[in-house]
Amino acid sequence: MVREQYTTTTEGTHVERPENQCAYKIGIYGWRKRCLYLFVLLLLIILLVNFGLTIWILKVMWFSPTGMGHLRVTSDGLRLEGESEFLFPLYAKEVHSRVDSSLLLQSTQNVTVNARNSEGEVTGRLKVGPQMVEVQSQQFQINSKEGKPLFTVDEKEVVVGTDRLRVTGPEGGLFEHSVETPLVKADPFQELRLESPTRSLSMDAPKGVHFKAHAGKIEALSQMDVIFHSHDGMLVLDAETVCLPKLEQGTWGPAGSLQRLYEICVCPDGKLYLSVAGMATTCPENSHVCL
């Protein structure tokens with residue numbers, strides 16, 4: 001403990017100080033001073049290195065007041081130029097490309113686009129995989145640039161809104177159930193075939209069914225029976241020639257064998273057969289065909 005003494009003197013009085021009085025120096029000296037300078041120098045070097053690294057990162061990452069690299073912050077949102085890779089899901093309200101370029105979404109596995117409601121549940125999904133394109137939604141619709149529905153699919157029906165549906169496959173179109181259409185037409189100079197390999201083929205219309213072949217023939221083939229039935233009208237065969245090549249013939253009579261004229265006879269069950277024409281009808285004479 002240092003003890004201090006205070007002495008009061010008057011002017012002209014000389015006071016001698018003790019020879020063994022201690023003198024105190026203020027400051028840091030010796031090895032402590034050198035360590036302090038070394039520490040300050042080390043901090044300065046670290047500060048310069050950090051400042052250089054910061055400048056280098058800003059230069060490499062292309063930081064600017066408007067964004068980073070190809071990413072720009074605009075009033076409408078974020079603008080990203082060039083190719084970008086997202087390692088995790090991307091959530092956005094709208095994604096579109098520039099006016100003069102197309103938008104490309106690419107993945108090594110699949111590309112999935114989900115639409116969610118306010119509760120986070122998936123209400124619509126578009127999944128593009130390596131083998132198939134899957135759409136999960138209540139309704140799938142394709143519109144033209146004018147907004148006209150071209151193709152609509154839901155749980156109840158499939159609607160094609162174009163003026164023409166064209167099937168170009170070599171096997172045609174396969175329908176497991178009924179098809180409703182006002183017109184079925186083949187390409188020019190191509191055959192139109194309606195076929196049911198294992199079941200029946202039925203064509204119904206409230207105002208009639210019309211068959212037209214402008215440059216060919218109409219042919220109906222069946223393993224069993226071909227039936228034409230009209231409830232309130234009649235069956236009309238309007239042609240220059242009606243040919244029934246396999247119609248069964250009755251017995252020729254001596255009077256009509258040289259004339260080669262026949263008449264068509266009808267059995268009670270509707271069966272047709274030919275009978276040699278005479279002065280009067282010869283159907284009763286050949287009615288044994290109906291037995």
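**Exercise 1. Work out the strand order of the open sheet of 3 strands, and find its edges.**

Start with the order: the open sheet runs 8-9-10, and its pairing is antiparallel. Two strands count as paired if DSSP finds at least two bridges between them. The strands themselves are DSSP runs (E, at least two residues; helices are H or I, at least four), numbered from the N terminus.

Next, look for strands that pair on one side only: these are strand 8 (140-143) and strand 10 (158-160), the edge strands. From one strand to the next, the twist averages 10 degrees. Axes here are lines fitted to C-alpha atoms, for helices over the stretch in contact, with angles from 0 to 180 degrees between N-to-C directions.

Now zoom in on one pair. Strand 8 and strand 9 (residues 149-153) share 4 bridges in the antiparallel sense, and asparagine 143 sits opposite proline 149 of strand 9.

A quick word on the ground rules. This is a predicted model, where local features need pLDDT of at least 70 and side-chain atom pairs count only at pLDDT 80 or more, while totals for chains, interfaces and linings use all residues. Residues are numbered from 1 along each chain as its sequence is written, and side-chain values use heavy atoms, leaving out hydrogens and water.

**Exercise 2. Say how the protein chain is built and where confidence is highest and lowest.**

Count the elements: the protein chain has 1 helix and 12 strands.

Then check pLDDT (the predictor's confidence in each residue, from 0 to 100). The chain's mean is 79, with 86% of residues reaching 70 or more. Helix 1 (residues 31-60) has the highest confidence, at 91, and strand 2 (residues 67-68) the lowest, at a mean of 76.

**Exercise 3. Trace the hairpins from strand 2 to strand 3 and from strand 3 to strand 4.**

Begin at strand 2. Strand 2 pairs with strand 3 (residues 71-74) in the antiparallel sense, over 2 bridges, and glycine 67 faces arginine 72 in strand 3. Between these two strands lie 2 residues, and glycine 69 in the turn has a positive phi of about 60 degrees.

Carry on to strand 4 (residues 77-80), which pairs with strand 3 in the antiparallel sense over 4 bridges. This hairpin also goes through 2 residues, and leucine 71 is opposite leucine 80 in strand 4.

**Exercise 4. Decide whether threonine 282 is buried or exposed, and list what it touches.**

First, find it: threonine 282 is in the segment after strand 12 (272-276). Its relative accessibility is 11%, so threonine 282 counts as buried. Buried means under 20% relative accessible area, exposed over 50%, partly exposed in between (1.4 Å probe, protein chains only).

Next, its neighbours. Leaving aside residues up to four places away in sequence, threonine 282 touches Glu263, Ser275, Val276 and Ala277; contact means heavy atoms within 4.5 Å.

Finally, the side chains of threonine 282 and serine 275 make a polar contact at 2.5 Å. A polar contact is a pair of N or O atoms within 3.5 Å; within protein, one must be able to donate a hydrogen and the other to accept it, and residues adjacent in sequence count only if both atoms are side-chain atoms.
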